[in-house]
Amino acid sequence: MNNMIQDMIDWIEERLFEGFSLTKLSEAMGYSSYYCSFKFHQITGISIKRYMTLRKTYLSSISLSETDERIIEIAIKHGYSSQEAFSRAFKEIFGVSPNAFRSCPEPLQTYVKLTMNEARGYYMDISKKLRIEDLQKHVDEHFDHEVLNILNGQMMFEEFSSQQLMGKSDYAPFNEAMCVHDTVEIIFSESFKQVRATGHQVSLAEYKSITVAPLEKTLFSKKYQCIVLWFGEDMFCQMNLLTILAYIEQISFEGTIYYHAVREQTYDVKETEITLGSYYDIYEAVLLDHRMPDVELMPVMYQGIKLYLELLQNDNKITKYIQAHQHLSQNEIVRNLLHLFPQYGLGDTQYFALIEATIK
C-alpha cells in the first residue's frame, strides 16, 4: 500500500502547479477517485488538496525570499488563479501576507515532499557545521563571549557536543515539552516546577535535576549581553521557544536575542534577531488560555501555535489517525506517527500517551 501512496505522491509532485484532476490521478493509478482520495488521507493523515496547498505555498515562499519576481507572477507560477487566491492561502498557512513575508522573510515551517520511505539517512554535512560555526563566531566577536546559547533539549545539546560545535560561550539545554501538560503564570517559579513535574509524572527533585539545573548554572545566575536560542521549526520546539522568550521578558532582559531556527533533520540554520515586547502575552494566551494571540507572530511560531491548539482538540489529525489504525500495534502506530507528522515534533513518549487516551 505504501508503494501505491508513494506513486500517488510522485504523480502529484510532477504536476503540482498544473490544474489538478483527481480523475486523471485515479486513471493513472488504476483505482477509483474515491479510493485514491480515501487511501491517501488514511495512510498519510492529510488530504490530497491540503498536501498540495502546503507544498505549493511553501515553495512559493522560497521564490518570495530569493527572487525579485512580482507576486502575481509567483502566484501564477505556483498554480494559483489569482494574486488574491494566493494571498489567502499564504496567510492562512503562515499568518502573514506574501508581501509582508517578502519585506521581512522570517523563519517558517518547512514542507518537504512526503515520502513513505521511513529510512531518513540524515546527517550533518560539513557545510552545515561551517554555517553554525560562522554564526557563533559572528556573535562572539560582537559580544565579548558574554553569550548564552540555549538549545532545545538534551539531544541537540549532545549533538553539538559530539560534533564539536560548542564554542567559547556558555551552552545550556532546555529539557522540556511545553506542548503537553499544564503550566502557570510565573515561569520557573516553585509553582511552575511543581506543576510541570506533576504533569511529567516525575518527582520535583527529578524535574529540577533534568530541567532546572542546566539553567541554574547559566541563565538564572549569570548576566549576558546576548542570548542565542537554537530551536527547531516544529510545534514542540516552538512551544519551548515561546516559554523561554516569555521568561526572558519576565526577567526584563535588556540584551540582544537571536533565534537560530534549526532544521533539525539537516541542521540548516536561519538567524533572526528577536524584539521583545509581546512574548509573555503570547505565552499567557496560548499556554494558559489556549487561544490564538492578538499580535503578529513569526510565521514559524504562528504555525506552531495553530498545531498546538489543534492538538488540544479531541478530534485532531493525530487522534483521527490513531482511531483509523487501531488494528496496528502501538509500536507500529508510533513509528508511523513519527514519520508522517514531523511538523508536531512529538516523541514516542507523547505519542504513546495519546494512543492510550484515544484507544480506550
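Helices, at least four residues long, and strands, at least two, are DSSP runs numbered from the N terminus. The legends below describe close-up views of a predicted model.

**View 1. Gly-45 in the loop between helices H3 and H4.**
Gly-45 sits between helix H3 (33-44) and H4, the latter spanning 48-66. Gly-45 counts as buried because its relative accessible area, 9%, is under 20%. Apart from neighbours within four places in sequence, Gly-45 is in contact with Phe-40, Lys-317, Tyr-321 and Phe-341. The C-alpha atoms of Gly-45 and Ile-322 are 9.6 Å apart in space, and the two residues are 277 residues apart in sequence.

**View 2. Aromatic pairs, including Trp-11 with Phe-20 and Tyr-321 with Phe-341.**
The whole structure holds 17 aromatic pairs. One of them joins Trp-11 and Phe-20 edge-to-face, with 6.4 Å from centre to centre and 75° between the planes. Trp-11 is buried, at a relative accessible area of 14%, whereas Phe-20 is partly exposed, at 34% relative accessibility. Tyr-321 and Phe-341 also form an edge-to-face pair, with 5.9 Å between centres and 80° between planes. Tyr-321 belongs to helix H15 (residues 317-324), while Phe-341 is in the loop between helix H16 (330-340) and helix H17 (348-358), so this pair ties together parts that are 20 residues apart in sequence. Both Tyr-321 and Phe-341 are buried, and both are contacts of Gly-45.

**View 3. A cluster of linked aromatic rings.**
The cluster consists of Tyr-80, Phe-86, Phe-90, Phe-94 and Phe-101, linked by ring pairs.

**View 4. The second largest pocket and its lining.**
The space in the second largest pocket is about 400 Å³. Its lining has 19 residues, and Tyr-58, Pro-107, Leu-108, Arg-263 and Lys-270 are the ones nearest the centre. Helix H4 (48-66), strand E4 (256-263) and strand E5 (268-274) each give two or more residues to this lining. H4 has the largest share, with five residues. By residue class, the lining of the second largest pocket contains 10 nonpolar, three polar and six charged residues.

**View 5. The largest cavity and its lining.**
In the whole structure, the search finds one cavity of 30 Å³ or more. The largest cavity holds about 50 Å³ of space. Of the 13 residues that line the largest cavity, Gln-136, Asp-140, Asn-149, Ser-169 and Tyr-171 lie nearest its centre. At least two lining residues come from each of helix H8 (126-143), strand E1 (147-152) and strand E3 (226-232). H8 supplies the largest share, four residues. The lining of the largest cavity is made up of six nonpolar, five polar and two charged residues.

**View 6. Asn-175 in the loop between strand E2 and helix H10.**
With a relative accessible area of 15%, Asn-175 is buried. A polar atom of the Asn-175 side chain lies 2.7 Å from the backbone nitrogen of Gln-154. Not counting residues up to four places away in sequence, Asn-175 touches Gly-153, Gln-154, Ile-210, Thr-211 and Pro-214.

Methods:
Residues are numbered from 1 along each chain as its sequence is written. This is a predicted model: local features need pLDDT of at least 70, side-chain atom pairs count only at pLDDT 80 or more; totals for chains, interfaces and linings use all residues. Side-chain values use heavy atoms; hydrogens and water are left out. On a 1 Å grid over the protein atoms alone, a cavity is a set of points where a 1.4 Å probe fits but cannot get out, and a pocket is an open set with protein on both sides within 12 Å along at least five of seven lines; lining residues have an atom within 4 Å of a point. Grid points are joined across faces, edges and corners, and a volume is the space filled by probe spheres set on the points. Ala, Val, Leu, Ile, Met, Phe, Trp, Tyr, Cys and Pro count as nonpolar, Asp, Glu, Lys and Arg as charged, and the others, Gly among them, as polar. Buried means under 20% relative accessible area, exposed over 50%, partly exposed in between (1.4 Å probe, protein chains only). A polar contact is a pair of N or O atoms within 3.5 Å; within protein, one must be able to donate a hydrogen and the other to accept it, and residues adjacent in sequence count only if both atoms are side-chain atoms. Contact means heavy atoms within 4.5 Å. Rings of Phe, Tyr and Trp (its six-membered ring) pair if their centres lie within 6.5 Å; planes under 30 degrees apart count as stacked, over 60 as edge-to-face and the rest as tilted.
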